[in-house]
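Please read these notes with the model open beside you. They are set out as numbered points and can be checked one at a time.

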Amino acid sequence: MLKIMHLQQRPGHSSEPSLSKCCLNICFAMAEDEWAFDLLYCVAFMLMDKQWLQRNASYMEFNEVLKSTRGQLERELMMDDVIRIEDMPSYNLLG
């Protein structure tokens with residue numbers, strides 16, 4: 001994880017600020033909780049399932065739903081009040 005953060009901070013390395021902040025938030029969450037990656041995986045899967053069903057998507061729309069899910073996860077991870085995976089709005093989908 002630290003290697004990823006280092007690569008993103010190198011001069012001349014192009015990365016979006018949002019991706020950089022998301023990566024940092026994930027790294028901090030994983031440092032605090034050994035189950036953070038597992039929780040994030042479950043949240044991502046449930047969010048994708050929710051979007052898939054809402055759109056009544058077909059196999060041909062898989063990439064579109066995947067892209068939308070990734071965008072939603074990135075937006076949630078960039079929120080100022082999200083410090084842990086449990087703070088993400090989509091975490092409630094696991095309930």
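1. Gln51 and its neighbours. Leaving aside residues within four places in sequence, Gln51 is in contact with Val65, Ser68, Thr69 and Gln72, where contact means heavy atoms within 4.5 Å. Gln51 is found in helix α3; helices here are DSSP runs (H or I, at least four residues), as strands are (E, at least two), numbered from the N terminus. Its side chain has a polar contact of 2.9 Å with that of Ser68 and another of 3.2 Å with that of Thr69. A polar contact is a pair of N or O atoms within 3.5 Å; within protein, one must be able to donate a hydrogen and the other to accept it, and residues adjacent in sequence count only if both atoms are side-chain atoms. Gln51 is buried, at a relative accessible area of 10%; buried means under 20%, exposed over 50%, and partly exposed in between (1.4 Å probe, protein chains only).

2. Basis of the values. This is a predicted model, in which local features need pLDDT of at least 70 and side-chain atom pairs count only at pLDDT 80 or more, while totals for chains, interfaces and linings use all residues. Residues are numbered from 1 along each chain as its sequence is written, and side-chain values use heavy atoms, with hydrogens and water left out.

3. Overall layout. The chain has four helices and zero strands, in the order α-α-α-α from the N terminus. Of its 95 residues, 31% count as buried. Among contacts with a separation of 6 or more, 48% are between residues 24 or more positions apart.

4. Helix α4. This helix covers residues 62-77, 16 residues in total, and reaches 22 Å from its first C-alpha to its last. That is close to the expected 22 Å at 1.5 Å a residue, the expected span being 1.5 Å times one less than the number of residues. The buried residues of α4 include Val65 and Thr69, both of which are in contact with Gln51. Glu64 is also found in α4 and is partly exposed, with a relative accessible area of 48%. Glu64 and Trp52 are twelve residues apart in sequence, and their C-alpha atoms are 9.7 Å apart.

5. Aromatic pairs. How many aromatic pairs does the structure hold? There are two. In one of them, the rings of Tyr41 and Phe45 have their centres 6.5 Å apart and their planes at 20°, so the pair is stacked. Rings of Phe, Tyr and Trp (its six-membered ring) pair if their centres lie within 6.5 Å; planes under 30 degrees apart count as stacked, over 60 as edge-to-face and the rest as tilted. Tyr41 and Phe45 both lie in α3 (residues 36-55), four residues apart, about one turn of the helix. Tyr41 is exposed at 52% relative accessibility, and Phe45 is exposed at 53%.

6. Asn56 is found in the loop between α3 and α4. Its phi is near 50°, a positive value in a residue other than glycine. Most residues other than glycine have a negative phi. Asn56 counts as exposed, at 68% relative accessibility.

7. Leaving aside neighbours within four places in sequence, Met88 is in contact with Leu40, Val43, Leu73, Glu76, Leu77 and Val82. Met88 and Leu40 are 48 residues apart in sequence and 9.5 Å apart in space, C-alpha to C-alpha. With neighbours within four places left aside, Leu94 is in contact with Leu39, Cys42, Val43 and Met46. Leu94 and Cys42 are 52 residues apart in sequence, with 7.5 Å between their C-alpha atoms.
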